[in-house]
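User: I'm new to reading protein models. Could you take a close look at one part, the biggest pocket, and walk me through what surrounds it?

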Amino acid sequence: MAGPLCNTAVATAATALQLCAREGTPVCLMAFLEDARRRNLLRATGPVYQFRHARLQERLARPR
């Protein structure tokens, strides 16, 4: 059981680092999302995070 669990943890960490390097996302993405929820920028509906403000979402979704 430790083998698959370890492989999943390594894959998750590698993906977080890859997203950080390519897209500039925070390495600790869940902590970042939870902080944004506490600051009322996002709302959590079950496992899904949504922007509270449509204008902010539109602005962040614009191409770079």
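Analyst: Here is a walk through the pocket, then the hairpin, and then a few residues elsewhere. First, a word on the ground rules: this is a predicted model, in which local features need pLDDT of at least 70 and side-chain atom pairs count only at pLDDT 80 or more, while totals for chains, interfaces and linings use all residues. Residues are numbered from 1 along each chain as its sequence is written, and side-chain values use heavy atoms, with hydrogens and water left out.

So how do you find a gap like this? Rolling a probe the size of a water molecule over the atoms shows where empty space is left. On a 1 Å grid over the protein atoms alone, a pocket is an open set of points where a 1.4 Å probe fits, with protein on both sides within 12 Å along at least five of seven lines; lining residues have an atom within 4 Å of a point. The largest pocket has a volume of about 170 Å³, volume being the space filled by probe spheres set on the points, which are joined across faces, edges and corners.

Around this pocket you'll find F32, L33, D35, A36, R39, L41, L42, F51, L56 and L60. Two elements, α2 (29–38) and α3 (54–61), each give two or more residues to that lining; helices here are DSSP runs of H or I with at least four residues, strands are runs of E with at least two, and both are numbered from the N terminus. The largest share, four residues, comes from α2. By type, the lining splits into eight nonpolar, no polar and two charged residues. Nonpolar covers Ala, Val, Leu, Ile, Met, Phe, Trp, Tyr, Cys and Pro, charged covers Asp, Glu, Lys and Arg, and the others, Gly among them, are polar.

Strands β1 (42–45) and β2 (residues 48–51) pair in the antiparallel sense over four bridges, where pairing takes at least two DSSP bridges. Two residues sit between these strands, and G46 in this hairpin takes a positive phi near 65°.

Phi of N40 is near 65°, a positive value in a residue other than glycine. Most residues other than glycine have a negative phi. N40 is partly exposed, with a relative accessible area of 44%; buried means under 20%, exposed over 50%, and partly exposed in between (1.4 Å probe, protein chains only).
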